[in-house]
Amino acid sequence: MVKLKSAVILVLLMGVVAGSTLSAHGEELQGITAPSADISLSFVLAGRVADVLVAEGHRVKKDQLLARLDDEPEKIQSQQLKLLSADRTRILAAEAELAQKRVDLRKLELARSKGAASDWEVEHLRLNVQIARLALQTAILEQEQYQRRYAHSRSQLRRMRLVAPMEGIVENVSVEAGESIGALGPVIRLVKNDPLWIDVPVPSAQANDLTVGQPVWTSVAGGTGMAAPNGRIINISAVADAASDTLRVRVEVDNPMRRPAGERVTIEFSSPTDADTAARLKTETE
């Protein structure tokens, strides 16, 4: 009798170590919910914070402006480059100069055919036409350079604005307006709690029967089981943990009730109802 009790205790301890428990529903695994996205946003440029437009707990939409650096000098420079990039005065002047040189060359070649101009004068004017053509190319290249510099300035201005890359909740704000910060310093932490993710260490023997997309039943630890699946498997690790003989299975759960991440939950990979029925039939058969 003592040996039998010791064996039962040993089996229960092994179940606790493995992170799973047995119930009338079959195998139950424990996990902790986590945000499906958790990112720390930073400015890539150093500067002085001009505005912080959100606070902790605010829900934000994708591409919503969250904070910005003081960009007044950069705006002035960008406007100047915009004017220069659109200015075609030098190009028009170079085109007019080239057209005039070509007209002069045709007239001089006609004069030479009548003996009224020398070959040297014609060759000299041909060289002037070539120089005018190069001046036009230089003017075009200069405008293209201004256009690239203007595009670069607009890119720099965008880098001085911190926008939300996704819909989520502001978890933490690390700066205040008027504060000077360095590049890549933490500014705002943004999390996404709908859907939630749960990474579950599943015994390898059980994990081999699972597939991506398979429905999952989850419930808050200590709560009642779900009648319908409320989650799904989105990834099964390709590498097992040899020490615990488990595979990491990632479960995605919709969170319309906006429950916070970090809760302990119970996960089942088969229908609790089906498991109850199977357990009852087994008992009746025995």
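What does the cover over the buried residues of H3 include? Helix H4 (119-159) is part of that cover, and the views below, taken from a predicted model, start from there.

**View 1. Helix H3 and its cover.** Helix H3 runs over residues 89-113. Its 25 residues should span 36 Å at 1.5 Å a residue, and the end C-alpha atoms lie 37 Å apart, so the two values agree. Look along H3 for Ile91, Ala94, Leu98, Leu105 and Leu108, which are buried; helix H4 is included in what covers the buried residues. Just after H3 you will find glycine 115, with a positive phi of about 80°.

View 2. Arginine 90 is exposed, at 54% relative accessible area, while glutamate 142 is partly exposed at 25%.

**View 3. The largest nonpolar core.** This core has 19 residues, and those with the most contacts inside it are Phe43, Val60, Leu66, Leu162, Ile181, Val187 and Ile188. At least two of the core residues come from each of strands S2 (26-42), S5 (65-69) and S9 (186-203). In soluble globular proteins, nonpolar side chains tend to be buried together.

**View 4. Around valine 60.** Beyond its neighbours within four places in sequence, valine 60 is in contact with Val54, Leu66, Ala164, Met166, Glu167, Gly168, Val170 and Leu190.

**View 5. A network of salt bridges.** Asp51, Arg68, Asp71 and Lys75 are linked in this network. One of its contacts joins the side chains of lysine 75 and aspartate 71, at 3.9 Å from N to O. Lysine 75, at 39%, counts as partly exposed.

**View 6. Strands S12 and S9 tied together.** The closest N and O atoms of arginine 248 and aspartate 199 are 3.6 Å apart in a salt bridge. Arginine 248 belongs to strand S12 (residues 246-253) and aspartate 199 to strand S9, so the pair ties together parts 49 residues apart in sequence. Both partners are partly exposed: arginine 248 at 33% relative accessibility and aspartate 199 at 34%.

Notes: Residues are numbered from 1 along each chain as its sequence is written. This is a predicted model: local features need pLDDT of at least 70, side-chain atom pairs count only at pLDDT 80 or more; totals for chains, interfaces and linings use all residues. Side-chain values use heavy atoms; hydrogens and water are left out. A nonpolar core is a set of buried Ala, Val, Leu, Ile, Met, Phe, Trp, Tyr and Cys residues joined through side-chain atoms within 4.5 Å. Buried means under 20% relative accessible area, exposed over 50%, partly exposed in between (1.4 Å probe, protein chains only). Helices (H or I, at least four residues) and strands (E, at least two) are DSSP runs, numbered from the N terminus. Contact means heavy atoms within 4.5 Å. The expected span of a helix is 1.5 Å times one less than its number of residues. A salt bridge is a side-chain nitrogen of Lys or Arg within 4 Å of a carboxyl oxygen of Asp or Glu.
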